[in-house]
Amino acid sequence: MKRMVLTALVAATLVACDSADNQLEKQSESTVADTATPGEQVPATKVVSAPAKLADYTMAAEKVADGVYAIITPARDFPNPQNKGWNSNSTFVVTGDGVLVVDTGSSATIGTALLNTIRTVTDKPIRWIVNTHGHGDHWLGGTSIASAQTEVITSTKVKERIKNELGYWVDLFNQMSEGAIGNDSKALIPTTTVDERTTRKMGGVEVTLIPSGDSHSPGDLLVWLPKLKVLIGGDVLYTDRAPGTFEGKIGQWIKLLKELETLDVVKMIPGHGAVGDGQDIINERKYFEIIWNAVAKAVEAGQSDFEVLPVIKEQLIAYEKIYPGLEKQIGRTVSHAYAQAEAAAF
Ligand SMILES: [Zn+2]
């Protein structure tokens, strides 16, 4: 029974992470995968046999702009034994008064590795953490990075998830990474919530927090540095792999990407994938438009998602290079889009 629950949970997050591993990918095809809720709590039953050590993570700070550094994982998938659970990007900004960190990785140990990487650049205190969204690969490392003076900022919806979903994500990622993330992660509860577009000065650096309108997942925030023209996208923005759409609202996502295009972004740091630029935002918007327009037509013509899928694949041929591994994911994204277009038509 426990095994079944865990399998269902693995499947659910595979959809959430929209990843590309073959063995686990098979499990994601079950119907449970499309209906299980990430908020579901499970007891910590997984016996962790091989938690990764600090030395297992090789990280580097990549300078993106003046004072802005990305820590980019080479992984392009979900937590697994090879990447030892480190599958998402983090960013830090060195300001006059201390450091802003955006997203803190998938475990306490990964959080420590991130902090050590920040320390190769600056000794300043960590003054602010922003959690871009509620998926555990972006916040489980928080307690390793924060100190008593750190202000932890996210949206109300994401704060609720962080309060409620620790056991869910730890179990799930231990299952997926074969115990690599360990059992010592704790939830770092946010201290400030932001639900409207808000601009603040952090140590002299202008920082705008942009709610996505729940584009990729409920309560996403993006971090925009208007003076530097750097956009830190969380999982609203992707490069090198197709966006995960399990909890997304594709119509809203297109609308948001169009707005982001007007910012004249010079550099963008996605939640997953290499550092990109404004063209990557355009690519992502066009990708979603192709899917969205085709499913809307199909709904109107009374065609099923299954019937429209080959048409969409044909139109997305250029994206096989832009988003490697797309073929493994496109079916799920089309069915998410189809269900939303169908609901919108009524
Ligand atoms: Zn992610």
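Select helix 9 (residues 278-301) and helix 12: their axes come within 9 Å and cross at roughly 55°. The model is predicted, so local features are given only at pLDDT of at least 70 and side-chain atom pairs only at pLDDT 80 or more, while totals for chains, interfaces and linings use all residues. Residues are numbered from 1 along each chain as its sequence is written.

Some terms for this first stop. Helices (H or I, at least four residues) and strands (E, at least two) are DSSP runs, numbered from the N terminus. Axes are lines fitted to C-alpha atoms, for helices over the stretch in contact, and angles run from 0 to 180 degrees between N-to-C directions.

**Helix 9 against helix 12**

Helix 9 and helix 12 are oblique to each other (angles under 35 degrees count as roughly parallel, over 145 as roughly antiparallel, 65 to 115 as roughly perpendicular and the rest as oblique).

To see the contact, show Ile 291, Trp 292, Val 295, Ala 296, Ala 298 and Val 299 on helix 9. On helix 12, show Thr 333, Val 334, Ala 337, Tyr 338, Ala 341, Glu 342 and Ala 345. Two residues are in contact if their C-beta atoms, placed from the backbone, lie within 7 Å. The residues of this contact of helix 9 with helix 12 divide into 11 nonpolar, 1 polar and 1 charged. Here Ala, Val, Leu, Ile, Met, Phe, Trp, Tyr, Cys and Pro count as nonpolar, Asp, Glu, Lys and Arg as charged, and the others, Gly among them, as polar.

Keep helix 12 and select helix 10 (residues 305-315): the axes of helix 10 and helix 12 come within 10 Å and cross at roughly 120°. Helix 10 and helix 12 are therefore oblique to each other, and helix 10 passes helix 12 in a right-handed crossing. From helix 10, the contact uses Asp 305, Val 308, Leu 309, Ile 312 and Lys 313. Helix 12 contributes Ile 330, Gly 331, Val 334, Ser 335 and Tyr 338. By class, the contact of helix 10 with helix 12 has 6 nonpolar, 2 polar and 2 charged residues.

Helix 9 and helix 10 pack at an angle of about 145°, with their axes 10 Å apart. Helix 9 passes helix 10 in a right-handed crossing. In the contact of helix 9 with helix 10, 8 residues are nonpolar, 1 is polar and 2 are charged.

Next, select the open sheet of 7 strands, whose order is 1-2-3-4-5-6-7 and whose pairing is mixed. Two strands pair if DSSP finds at least two bridges between them. The edge strands are strand 1 (62-65) and strand 7 (192-193), and each pairs on one side only.

Start with strand 1, which is joined to strand 2 (residues 68-71) by 3 bridges and runs antiparallel to strand 2. Glu 62 stands opposite Ala 70 in strand 2. Strand 1 and strand 2 form a hairpin with 2 residues between them, and Gly 67 in the turn has a positive phi of about 80°.

Then go to strand 7: 2 bridges join strand 6 (residues 151-154) to strand 7, and the two run parallel. Thr 154 stands opposite Thr 193 in strand 7.

Select the open sheet of 5 strands, in the order 8-9-10-11-12, with mixed pairing. Strand 8 (198-202) and strand 12 (267-272) stand at the edges with a single partner strand each, so one side of each is left without a neighbour in the sheet. The twist averages 25° from one strand to the next. Inside this sheet, strand 9 (residues 205-211) and strand 10 (residues 221-225) run antiparallel and are joined by 4 bridges. In strand 10, Leu 221 is the bridge partner of Pro 211.

**Last stop: Gly 233**

Centre the view on Gly 233, in strand 11 (residues 230-238). Is Gly 233 buried or exposed? Gly 233 is buried, with 33 other C-beta atoms within 10 Å (a residue is buried if 20 or more other C-beta atoms lie within 10 Å of its own, exposed if 12 or fewer, and partly exposed in between, with C-beta atoms placed from the backbone). Not counting residues up to four places away in sequence, Gly 233 touches Leu 222, Met 268, Ile 269, Pro 270 and Gly 271.

Methods: Left-handed = near helix turned anticlockwise from the far one by under 90°.
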